[in-house]
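I set out to record what I looked up in this structure, entry by entry.

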Amino acid sequence: MKPRPARTSATKQKLFDAALRLVGERGAAGVTVDEIAAEAGVAKGTVYYNFGSKDGLVDALLRHGVELLAARLRVAEDVDDTGSALESLVDGALGFFAEYPAFAQLLVSEMWRTPGQWHGTLSLLRDDIVAIVKQVVQRRADVGALPPDVPVGTASAALFGTLLVVALDWQVFQPHRSQREVRESVIMLVRGVSER
């Protein structure tokens, strides 16, 4: 008997949500399959059936989250004006991390862990995200809005890192600030660098 796609998808989403809540609180290493299953309201075997292991679940969770983030960022690729495209990119990232603050915590905790268990997966996923950011930054450079001595690759990685850390700082230490306030701060920072 084959599992029904809708049911399987809903179960995976429940497991992603449960894992994200727990991993965001304690880090991936501090969470067990039993805890994830209990949080999701499913049997422990469901985790193994869908992902093979806790590591498989975290790997799939990272890929799933980055796909969602990438979709938000790609909206900027369709914006003609390069300044507006940059604002769209910032809005997409901040909106995503506001909706999924535990994912920002997961990325920060696992991305720079050395050596990280998911380093290979995160390297590929980071490259995917930075490539989207780089496309927008390259367009800004092409119209002279980036200092000529700043490499586009460096600026792109810096912008992604800034968005990730600012979003995390906002969620953890400044939750009283609105997304618009945080967005304006990031835009002013980016424009200040580009106008030097």
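I first looked up contacts, defined as heavy atoms within 4.5 Å. Among contacts in the protein chain between residues at least 6 apart in sequence, 67% join residues at least 24 apart.

I noted the provenance: this is a predicted model, in which local features need pLDDT of at least 70 and side-chain atom pairs count only at pLDDT 80 or more, while totals for chains, interfaces and linings use all residues. Residues are numbered from 1 along each chain as its sequence is written, and side-chain values use heavy atoms, with hydrogens and water left out.

I then looked up the secondary structure, taken as DSSP runs (helices, H or I, at least four residues; strands, E, at least two; numbered from the N terminus). The protein chain has nine helices and zero strands.

I looked up burial (under 20% relative accessible area, 1.4 Å probe, protein chains only). Of the 196 residues of the protein chain, 44% are buried.

I turned to the nonpolar core, a set of buried Ala, Val, Leu, Ile, Met, Phe, Trp, Tyr and Cys residues joined through side-chain atoms within 4.5 Å. The largest one has 61 residues, and Leu 62, Phe 97 and Phe 103 have the most contacts inside it. Helix H8 (residues 152-173) gives this core its largest share, nine residues.

Beyond its neighbours within four places in sequence, its contacts include Leu 69, Phe 103, Leu 163, Leu 164 and Gln 171.

Terms used
Buried means under 20% relative accessible area, exposed over 50%, partly exposed in between (1.4 Å probe, protein chains only).
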